[in-house]
Amino acid sequence: MISPIRLPERLTDGVIVLDGHKLADAEAHWEGEDAEMMRRFDAIRKATVEEIRGAIQRWMDGRANGGPMFAYAMRVNGVLAGGSEVRWLDAPHGALNISYWSYPAFRGQGLVGRAVTLMLNEAATLPGARQIEAHVDADNSASRRVAERAGFVETGTVVDDVWTGETVTRVRYVKPLVHGVALDSQTRCAHWHSTLDIIAIKMKCCGAYYACKDCHDALAGHDAAVWPRAEFGETAVLCGACGVELSVRQYLDCGNACPACGAAFNPGCRNHYHFYFEA
Ligand SMILES: [Zn+2]
Ligand SMILES: [Zn+2]
Ligand SMILES: [Zn+2]
């Protein structure tokens, strides 16, 4: 584990509330667990209420211990509607995994998408987190839509070990995580927040995206390093408007506009290149 997974006790966007599970949630989870959920979580039969209490206890322990997972119960008007969980992946280094679910009566309302949005903002605050992945069954179109709407990019497939001892091949969705102070949804930060300040830079020192060098200094706990010219082919710049990742060379040659979406970048960044890229 890279760092303990500690997220806020409670998150809300005014429609859903994410908070901790209680043992008393077991009955509602049991009632909500239909064949679809069982299939997606590799269950070979419906769990008993007692087994679900065990799972909830592990979620509660995970919160208390900072891992191996951090799970949220998703509630609408106080009623258990679903949930979501993050944990570190074994590989690649610095990658988190997110999974999410909702019970039948709460599907098709965009609720899970709201949960994912709230959690992505928080996941980017975890020290050492470089990216977050969602591994989704190819035929699970609802779940794939949630990932795509949240800005995850389909990146091949992944073979996951599941608890039954078997392996499953799933679609791999990846989203880089951007760290920073007072970030907005397009990676503007406390230091740079004009309409044009929408790029984030993967730092050479730690391989994590930061909104700017000052954000890195404030949060990373180590000195920044610059990309040497020999590595300008590496992917290291993220467009906060569309999420595309550019190599250092593509960024330096882009004429201050995103090659993918056309969004304008701040030409004044030129004066700070030496903080990030070998001059
Ligand atoms: Zn660093
Ligand atoms: Zn900053
Ligand atoms: Zn773009």
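Visitor: Where is the place of Ala279?

Guide: This is a predicted model: local features need pLDDT of at least 70, side-chain atom pairs count only at pLDDT 80 or more, and totals for chains, interfaces and linings use all residues. Residues are numbered from 1 along each chain as its sequence is written, while chains are lettered from A and ligands numbered from 1 in the order in which they are written. Helices (H or I, at least four residues) and strands (E, at least two) are DSSP runs numbered from the N terminus. Ala279 has its place in the segment after helix 7 (248-252).

Visitor: Is Ala279 buried or exposed?

Guide: A residue is buried if 20 or more other C-beta atoms, placed from the backbone, lie within 10 Å of its own, exposed if 12 or fewer, and partly exposed in between. Ala279 has 6 other C-beta atoms within 10 Å, so the word for Ala279 is exposed.

Visitor: Which residues does Ala279 touch, not counting those up to four places away in sequence?

Guide: Two residues are in contact if their C-beta atoms, placed from the backbone, lie within 7 Å. With residues up to four places away in sequence left out, Ala279 touches Tyr273 and His274.

Visitor: How many residues does domain 2 give to the contact with domain 1?

Guide: The domain assignment, which is automatic or comes from a database, gives domain 1 (11-176) and domain 2 (179-275). Their C-alpha centres lie 30 Å apart. Domain 1 gives five residues to the contact, and the number from domain 2 is seven.

Visitor: What length is expected for helix 4 at 1.5 Å a residue?

Guide: The expected span is 1.5 Å times one less than the number of residues. Helix 4 has 13 residues and reaches 18 Å from its first C-alpha to its last, close to the expected 18 Å.

Visitor: What is the bridge partner of Tyr72 in strand 4?

Guide: Two strands pair if DSSP finds at least two bridges between them. Strand 3 (residues 69-76) and strand 4 pair in the antiparallel sense over eight bridges. In strand 4 (residues 79-88), seven of the ten residues are buried. The partner of Tyr72 there is Ser84.

Visitor: Which residue in the turn between strand 4 and strand 5 has a positive phi?

Guide: Strand 4 and strand 5 (residues 95-102) are antiparallel, with seven bridges. They form a hairpin with six residues between them, and the residue in the turn with a positive phi, about 85 degrees, is Gly94.

Visitor: Which residue in strand 11 stands opposite Val178?

Guide: An open sheet of five strands has the order 9-11-10-12-13, with mixed pairing. Strand 9 (178-179) is an edge strand, pairing on one side only. Two bridges join strand 9 to strand 11 (residues 209-210), and the two run parallel. Opposite Val178 stands Tyr209.
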